[in-house]
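Trainee: I'm new to this one, and I'd like to know what the labels rest on. Can we go through them together?

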Amino acid sequence: MFAYDPTNIFARILRGEIPNKTVAETAHTLAFHDIRPLAPVHVLVIPKGAYVSLDHFAAEASAEELVDFHRTVAQVVAGLGLEGGFRAIANTREDGGQEVPHYHLHILGGRAMGRMVQPE
Ligand code: AMP
């Protein structure tokens, strides 16, 4: 059901073909600054495994990968001074507005983030 395209830009970052501004790295997870930040803090947390989306990762990742990913999220939040709160976004497939087909969690903060979704 989940077909992974290894030419996507985050796969290239993981292979070291493209540089990134790393915030945290573990055996299973990489966190780095978004290249076009939409808030004072805008970090992407990605698994190193070949998962296309949040639901793919949640369904098929190992327990070790799942724990490692979320512990890294906690490390990013604590390390970047997001005590006032933050927004985590996982755009997923076409309706979700996902551009890069490798699962990534946006961590946005450093200001009040406003309403979650624009009303129709
Ligand atoms: P999404 O629309 O959820 O797929 O978001 C993809 C995100 O990846 C966007 O916020 C882009 O700014 C970000 N992005 C794309 N290329 C890079 C890159 N080389 N380094 C860091 N962030 C990137």
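Predicted model: local features only at pLDDT ≥ 70, side-chain atom pairs only at ≥ 80, totals over all residues.

Trainee: Which residue is the bridge partner of Leu-30 in E3?

Mentor: Leu-30 has Ile-46 as its bridge partner there.

Trainee: And how do you know that E2 and E3 count as paired?

Mentor: The cut-off is at least two bridges. E2 and E3 have five bridges, in the antiparallel sense, so by that cut-off they pair.

Trainee: What joins E3 to E5?

Mentor: Five bridges again, between residues 41-47 of strand E3 and residues 105-109 of strand E5, and these two run antiparallel. For an example, look at Val-45, which stands opposite Leu-105 in E5.

Trainee: In what order do the strands sit in the sheet?

Mentor: The order is E1-E2-E3-E5-E4, five strands in an open sheet with antiparallel pairing. From one strand to the next, the twist averages 20°.

Trainee: Which helix lies across those strands?

Mentor: That's helix H3, residues 63-79, which lies across E1, E2, E3, E4 and E5 and runs at about 165° to E3.

Trainee: Why is E3 called largely enclosed?

Mentor: Buried means under 20% relative accessible area. Seven of the seven residues of E3 are buried, so the rest of the structure largely encloses this strand. Both faces are covered: one side has Val-41, Val-43, Val-45 and Pro-47, and the other has His-42, Leu-44 and Ile-46.

Trainee: Is Asn-8 buried or exposed?

Mentor: Asn-8 has 4% relative accessibility. The cut-off for buried is under 20%, so Asn-8 counts as buried. Asn-8 is in the segment before H1, and leaving aside neighbours within four places in sequence, Asn-8 is in contact with Val-100, Pro-101 and His-102.

Trainee: What makes Asn-8 and Asp-5 a polar contact?

Mentor: A polar atom of the Asn-8 side chain lies 2.8 Å from the backbone oxygen of Asp-5. The distance limit for such a pair is within 3.5 Å.

Trainee: Then why is Pro-6 called partly exposed?

Mentor: Partly exposed falls between the buried cut-off, under 20%, and the exposed one, over 50%. Pro-6 has 43% relative accessibility, so partly exposed is the label. Pro-6 is also in the segment before helix H1 (9-14). Not counting residues up to four places away in sequence, Pro-6 touches Ala-11 and Arg-15.

Trainee: How far apart are Pro-6 and Pro-101?

Mentor: They are 95 residues apart in sequence and 9.2 Å apart in space, C-alpha to C-alpha.

Trainee: What about the ligand: which residues come nearest?

Mentor: Of the 16 residues around the ligand, the nearest are Asp-34, Asn-91, Glu-99, His-104 and His-106. A backbone N or O atom of Glu-99 lies 2.6 Å from a ligand oxygen atom. For His-104, a polar side-chain atom is 2.8 Å from an oxygen atom of the ligand. Taken alone, the ligand exposes 510 Å², and the protein buries 90% of that.

Key. Residues numbered from 1 in each chain as written. Heavy atoms only, no water. Helix = DSSP H or I, 4+ residues; strand = E, 2+ residues; numbered from the N terminus. Axes fitted to C-alpha atoms, helices over the stretch in contact; angles between N-to-C directions. Contact = heavy atoms within 4.5 Å. Near = heavy atom within 4 Å. Polar contact = N/O pair within 3.5 Å; in protein donor to acceptor, adjacent residues only side chain to side chain. Areas by Shrake-Rupley, 256 points an atom, 1.4 Å probe, with all protein chains shown as cover. Buried < 20%, exposed > 50% of the residue type's maximum accessible area, 1.4 Å probe, protein only.
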